[in-house]
Every structure is written in C-alpha cells, then in structure tokens.
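Dear colleague,

Please find the structure below for your study. My notes on it follow.

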Number of protein chains: 2
Amino acid sequence: MARAATTTDAFNAVAEPRRRQILDLLTHGELAVNDIVERMGVAQPLVSKHLKVLREVGLVDVRDDGRRRLYRLNPVPLKPIHEWVRGFEQLWSERFDRMDVVLTELMDAEPMEAERDGRDDGGDAAQRDRDAAG
Amino acid sequence: MARAATTTDAFNAVAEPRRRQILDLLTHGELAVNDIVERMGVAQPLVSKHLKVLREVGLVDVRDDGRRRLYRLNPVPLKPIHEWVRGFEQLWSERFDRMDVVLTELMDAEPMEAERDGRDDGGDAAQRDRDAAG
DNA sequence: AGAGCGTATACCCATATGGGGATACGTCAA
DNA sequence: TTGACGTATCCCCATATGGGTATACGCTCT
C-alpha cells in the first residue's frame with residue numbers, strides 16, 4: 001500500500017494548502033472555477049482537480065449556472081477536525097497544569113492569549129487522564 | 001513535483017490516521033515506542049517513522065529513558081489547525097442563513113462559551129465578509 | 001449549425017508516501 | 001564482554017499524489 005487516499009476524509013483534503021486556500025476563498029461566497037483560478041493564479045485543471053477532491057469529501061457543493069459551475073463552501077465536514085483538535089486545545093493551555101518549567105517558557109515565548117477561562121467542553125481524549133502522565 | 005512533504009506542517013502530519021492515533025495515545029501521558037506499538041498493533045518501525053514525522057513537525061517531544069525513548073505530546077503545533085478550522089465553525093452553524101435559526105441552535109446546542117471574551121486571534125478568512133456570500 | 005467560452009478529464013511525469021523486512025545502534029543486564 | 005532488549009534506519013515496493021499539457025464535454029450566443 002501507499003498512502004491512504006486523500007479523498008477519503010476532510011483531514012486529508014485539508015492537508016493540502018491549495019485546498020485550504022480554496023475553502024478560504026469560498027468563505028466569501030459562491031465562486032465559479034475561473035474566479036478561483038484567477039484568485040489563486042494556478043492552472044485551471046489543477047483547480048478543478050482540487051475542487052473534485054473537496055467535492056468528494058463534501059467540503060464544497062456545486063451548482064450549475066449556465067456554462068459555469070458555482071462552488072459553494074460546506075464547512076460541515078470540518079466539524080470532526082474541529083472536534084478532534086479541540087480535544088487538545090486545553091492541553092496547550094493547561095500544559096501548565098502540572099508543569100512548572102513550562103510556565104517560564106510560556107512567559108517569554110507567548111505572553112498573549114489562549115489560556116484563562118476554564119472551559120472543559122468536550123475534550124474526549126485530552127484531559128481524560130492526563131494524571132496518568134506524571 | 002509530487003505532493004508537498006508530509007513532514008512540512010501539522011496539517012499534513014495530522015492527516016494520517018495513525019499519527020492522530022498516536023497523538024491521542026500520548027494524551028494520556030508519556031509513552032515509550034513499544035507502548036505505542038502495542039496499543040496500536042502495528043509494526044515498530046512504522047511507529048518509529050510516524051513518530052519521526054510528528055517529531056519533525058514538533059507535535060511530540062522525546063526524552064531518553066535508558067534504552068527507551070519516551071515520547072510526549074506537544075499540542076502547540078495544532079494551534080494553527082484549530083485556528084483555521086475555527087474560522088469555519090460559525091459557518092457550519094450559520095449555514096442556514098446567517099443569524100435567525102442559528103441563534104436558537106446555539107442557545108440549546110452549546111450554551112457554553114467558546115467565543116465570548118473577544119479573542120480574535122486568527123480568524124483570518126472565515127467571518128471576514130461572509131455577507132458577500134448571499 | 002458554428003464559434004467560443006468554462007470546466008472536467010485523460011494522460012504523463014516526478015516524487016513522497018505508508019508499509020514491510022532486515023538490520024544497525026545504543027543501553028542495560030549478566 | 002556478551003547477550004538481550006528497545007528503537008531508529010536502511011532498502012524496497014506499490015501507490016496516490018500534485019502538477020502540466022492537451023483535449024473532450026456542455027452550454028450559450030449568434
């Protein structure tokens with residue numbers, strides 16, 4: 001075997017930068033292939049291929065408009081990704097939790113946001129038993 | 001060219017199911033390669049390879065423990081992913097239109113937080129002008 | 001019908017991938 | 001030191017990929 005088909009799930013579909021870019025573009029609303037081609041500056045066939053992948057994963061919907069095809073974003077398949085990553089969100093905040101050194105590190109590394117507010121939404125894996133760690 | 005190197009960014013690293021699985025496992029705390037091998041039931045070299053990728057992307061840290069190597073999760077590189085996907089979060093709720101139905105849904109779907117506290121870190125594309133959509 | 005535009009496909013290539021098997025390397029146990 | 005264990009690497013393969021170019025398909029307009 002080689003690698004799993006990219007067209008399999010959103011995770012793979014989104015792993016490709018150009019595909020992400022397309023999704024970003026579609027965020028602004030429906031776009032015809034050519035619009036995307038222009039905005040991305042890549043060959044049309046390329047765009048069509050990427051769109052195909054996105055279509056197969058369900059990240060975009062198509063609509064015929066005369067001789068054009070309007071693509072529309074369908075963010076729903078991103079949900080699993082969001083959910084999965086969300087499980088780790090607390091970790092990169094809580095990393096402090098039982099850390100000590102880390103605190104220092106963070107202090108001068110990124111003093112910005114992303115920590116306070118003890119949200120414990122649905123972190124499946126994440127905090128389940130991070131105590132088993134130490 | 002072929003595809004971009006998987007080792008390039010977290011997006012790619014995480015596109016591989018096994019790699020995600022490893023990260024999930026590491027959620028419970030440090031693990032030696034063999035632990036992972038057992039829990040996943042795949043060949044050891046395979047695991048080592050995946051770990052290498054994860055290492056290169058910074059998703060795991062290694063620590064030497066005698067003849068074992070303990071791997072530890074480092075969720076930080078997931079942040080960009082989280083942030084990117086988060087930009088779409090609203091969309092898959094707003095999809096119905098933009099605020100009407102959604103409001104209701106939000107009400108009883110996630111009464112929690114997750115948006116208040118005006119962190120607007122990386123919501124690049126997403127809501128920028130979803131009004132251009134209609 | 002014919003011309004032209006917009007898009008999808010087909011085909012070809014180079015390459016990185018995930019996986020397998022064997023093995024080298026480093027560390028601990030005798 | 002020798003042997004066993006734990007892990008990383010090496011080499012090999014099949015395959016899917018992203019990209020390029022050419023072309024086929026579909027629709028619109030004249």
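Helices (H or I, at least four residues) and strands (E, at least two) are DSSP runs, numbered from the N terminus. In that sense, chain A has seven helices and three strands, and its elements follow the order α-α-β-α-α-β-β-α-α-α from the N terminus on.

The model is predicted, with local features needing pLDDT of at least 70 and side-chain atom pairs counting only at pLDDT 80 or more, while totals for chains, interfaces and linings use all residues. Residues are numbered from 1 along each chain as its sequence is written, chains are lettered from A and ligands numbered from 1 in the order in which they are written, and side-chain values use heavy atoms, with hydrogens and water left out.

Two strands pair if DSSP finds at least two bridges between them. Strand β3 (residues 68–73) of chain A is joined by two bridges to the antiparallel strand β1 (residues 31–32) of chain A, where Leu31(A) has Tyr71(A) as its bridge partner. Six bridges link β3(A) with strand β2 (residues 60–65) of chain A, also in the antiparallel sense; here Arg72(A) stands opposite Asp61(A). Two residues lie between the strands of the hairpin of β2(A) and β3(A), in which Gly66(A) takes a positive phi near 65 degrees.

As for the chain overall, 46% of the 134 residues in chain A are buried (under 20% relative accessible area, with a 1.4 Å probe and protein chains only). Among contacts (heavy atoms within 4.5 Å) in chain A with a separation of 6 or more, 52% come from residues 24 or more positions apart.

Yours sincerely

Key: Buried means under 20% relative accessible area, exposed over 50%, partly exposed in between (1.4 Å probe, protein chains only).
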